[in-house]
Amino acid sequence: MHKRFLLPVILLLAAVPLGLLTDKPAWGEWEQSFYKQVIGFIPEGMKNEGLIKAVIPDYSLNDIPEVLAYYLSAIVGISVIFLFFYMLKGFNRSKGEG
């Protein structure tokens, strides 16, 4: 079952540097000025940005090439997501739901 997910994850991981080909921000990574420009106001819940600090801010690390930093960011992100769902699965099993 895990192997079915491995190939799509590897393909998506290989496509990560495609984001470097554009100067537009990735979907969902817009700053407050984007919302102000597009919808005319900043939603109330988005005014307190910066509450969560990124593990690898702006996908960059000191002295590491940009493409490699993108890959490292993707690997960290994928690992955190898989760890979260793995722990959630274990939690559900301990409650007898999984």
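This is a predicted model: local features need pLDDT of at least 70, side-chain atom pairs count only at pLDDT 80 or more; totals for chains, interfaces and linings use all residues.

Q: How many helices and strands does the chain have?
A: The chain has three helices and zero strands. Both are DSSP runs, numbered from the N terminus: helices are H or I with at least four residues, strands are E with at least two. From the N terminus on, the order is α-α-α.

Q: Why is the chain called more spread out than a compact globule?
A: The radius of gyration, taken over C-alpha atoms, is set against the globule rule, 2.2 Å times the number of residues to the power 0.38. For 98 residues the rule gives 13 Å, and the chain has 18 Å, well over that, so it is more spread out than a compact globule. Its C-alpha atoms fill a box of roughly 50 × 35 × 25 Å along the principal axes.

Q: Why is tyrosine 35 called buried?
A: Buried means under 20% relative accessible area, exposed means over 50%, and partly exposed lies in between (1.4 Å probe, protein chains only). Tyrosine 35 has 15%, so it is buried. In the chain, buried residues make up 9% of the 98 residues.

Q: What makes tryptophan 30 partly exposed?
A: Its relative accessibility is 24%, so tryptophan 30 counts as partly exposed.

Q: What makes the pair of tryptophan 30 and tyrosine 35 edge-to-face?
A: Rings of Phe, Tyr and Trp (its six-membered ring) pair if their centres lie within 6.5 Å; planes under 30 degrees apart count as stacked, over 60 as edge-to-face and the rest as tilted. The structure holds four aromatic pairs. In this one, the centres are 6.0 Å apart and the planes make 80°, which is edge-to-face. Phenylalanine 84 and phenylalanine 85 are also an edge-to-face pair, with 5.2 Å centre to centre and 80° between the planes. Ring pairs also link Trp30, Phe34 and Tyr35 into a cluster.

Q: How do you know whether glutamine 32 is buried or exposed?
A: Its relative accessibility is 19%, so glutamine 32 counts as buried. This residue lies in helix 2 (residues 32-39). Contact means heavy atoms within 4.5 Å. Leaving aside neighbours within four places in sequence, glutamine 32 is in contact with Ile42, Met46, Lys47, Asn48 and Glu49.

Q: Is alanine 74 buried or exposed, and what does it contact beyond its sequence neighbours?
A: Alanine 74 has a relative accessible area of 15%, so it is buried. Its place is in helix 3 (residues 66-94). Beyond neighbours within four places in sequence, alanine 74 is in contact with Leu13 and Val16.

Q: Why is aspartate 63 called exposed?
A: Its relative accessibility is 82%, so aspartate 63 counts as exposed. Aspartate 63 is found in the loop between helix 2 and helix 3. Its phi is near 60°, a positive value in a residue other than glycine. From alanine 74, aspartate 63 is 11 residues away in sequence and 18 Å away in space, C-alpha to C-alpha.

Key
Residues are numbered from 1 along each chain as its sequence is written. Side-chain values use heavy atoms; hydrogens and water are left out.
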